[in-house]
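Q: I have a structure open and want to go through it with you. Can we start with how far to trust it, then look at some side chains?

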Amino acid sequence: MRRIFLIIIVGFMAGCSTSAKLTETEAVSEDFGTVAGCPTNYELTIKAELSKRLKDPESGQFKFGKCEKGKVFFGLVNGGTKFGYVVPVLLNAKNSFGGYTGFSLYYFLFRSGVYHWRLALPEDPIPADMQ
């Protein structure tokens, strides 16, 4: 029984990875929204959204990746995989003790003027252009 439960859990976990990279078929056939690309002020939008969640909003250090067509998996409850224009963001900020926590990867997806975001999963690779 434990073995079956473990296999089911591993199967669900394998389906939860985030991949902003598109296949050739997805790049042509999927709907990326009515507005092409990210808004001109996308960096300010992202900084404002993430800074609201920090203990010390002034301490936020941001690294932005390129805005490209992509996809992000938001979980089965939150709509599954969504297509749009994806910006990977690395954020480092101070914790309650005043020390920096280290960079965490977030994905922002812009689609038709609306954005969605989520913290990356541990197995999500940091994009090569951000390392």
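Q: What is the mean pLDDT of the protein?
A: The mean pLDDT is 83, and 85% of the residues reach 70 or more. pLDDT is the predictor's confidence in each residue, from 0 to 100. This is a predicted model, where local features need pLDDT of at least 70 and side-chain atom pairs count only at pLDDT 80 or more, while totals for chains, interfaces and linings use all residues. Residues are numbered from 1 along each chain as its sequence is written, and side-chain values use heavy atoms, with hydrogens and water left out.

Q: Which elements have the lowest and highest mean pLDDT?
A: Helix α1 (residues 2-14) has the lowest, at 45, and strand β1 (residues 61-64) the highest, at 96. Over residues 4-17 the pLDDT is below 50, and beyond near neighbours in sequence this stretch has 8 contacts in the model. A contact means heavy atoms within 4.5 Å.

Q: How many helices and strands are there?
A: There are 3 helices and 5 strands. From the N terminus on, the order is α-α-α-β-β-β-β-β. Both kinds are DSSP runs numbered from the N terminus: helices are H or I with at least four residues, strands E with at least two.

Q: OK, burial. What share of the residues is buried?
A: Buried residues make up 33% of the 131 residues. Buried means under 20% relative accessible area, exposed over 50%, and partly exposed in between (1.4 Å probe, protein chains only).

Q: Where is asparagine 92, and is it buried or exposed?
A: Asparagine 92 is in strand β3 (residues 81-92). Its relative accessible area is 8%, so asparagine 92 is buried.

Q: What does asparagine 92 contact?
A: Leaving aside neighbours within four places in sequence, asparagine 92 is in contact with Ser59, Gly60, Gln61, Tyr100, Thr101, Gly102 and Phe103. A polar atom of the asparagine 92 side chain lies 3.4 Å from the backbone nitrogen of threonine 101.

Q: Switching to rings. How many aromatic pairs are there?
A: The structure holds 8. One of them joins phenylalanine 32 and phenylalanine 83, edge-to-face, at 5.9 Å centre to centre and 90° between the planes. Rings of Phe, Tyr and Trp (its six-membered ring) pair if their centres lie within 6.5 Å; planes under 30 degrees apart count as stacked, over 60 as edge-to-face and the rest as tilted.

Q: Where do those two phenylalanines sit?
A: Phenylalanine 32 is in the loop between α2 (24-29) and α3 (42-51), and phenylalanine 83 is in strand β3, 51 residues apart. Both phenylalanine 32 and phenylalanine 83 are buried.

Q: And which pair is tilted?
A: Phenylalanine 110 and tyrosine 115 have ring centres 6.0 Å apart and planes at 55°, so that pair is tilted. Phenylalanine 110 is buried because its relative accessibility is 4%. Tyrosine 115, at 29%, is partly exposed.

Q: Which residues do ring pairs link into a cluster?
A: Tyr42, Tyr106, Phe108, Phe110, Tyr115 and Trp117.

Q: Which charged ends sit over rings?
A: The charged end of lysine 63 sits over the ring of phenylalanine 103, 4.5 Å from its centre. The charged end of lysine 82 sits over the ring of phenylalanine 74, at 5.2 Å. The cut-offs are NZ of Lys or CZ of Arg within 6 Å of the ring centre and within 35 degrees of the ring normal.

Key: A polar contact is a pair of N or O atoms within 3.5 Å; within protein, one must be able to donate a hydrogen and the other to accept it, and residues adjacent in sequence count only if both atoms are side-chain atoms.
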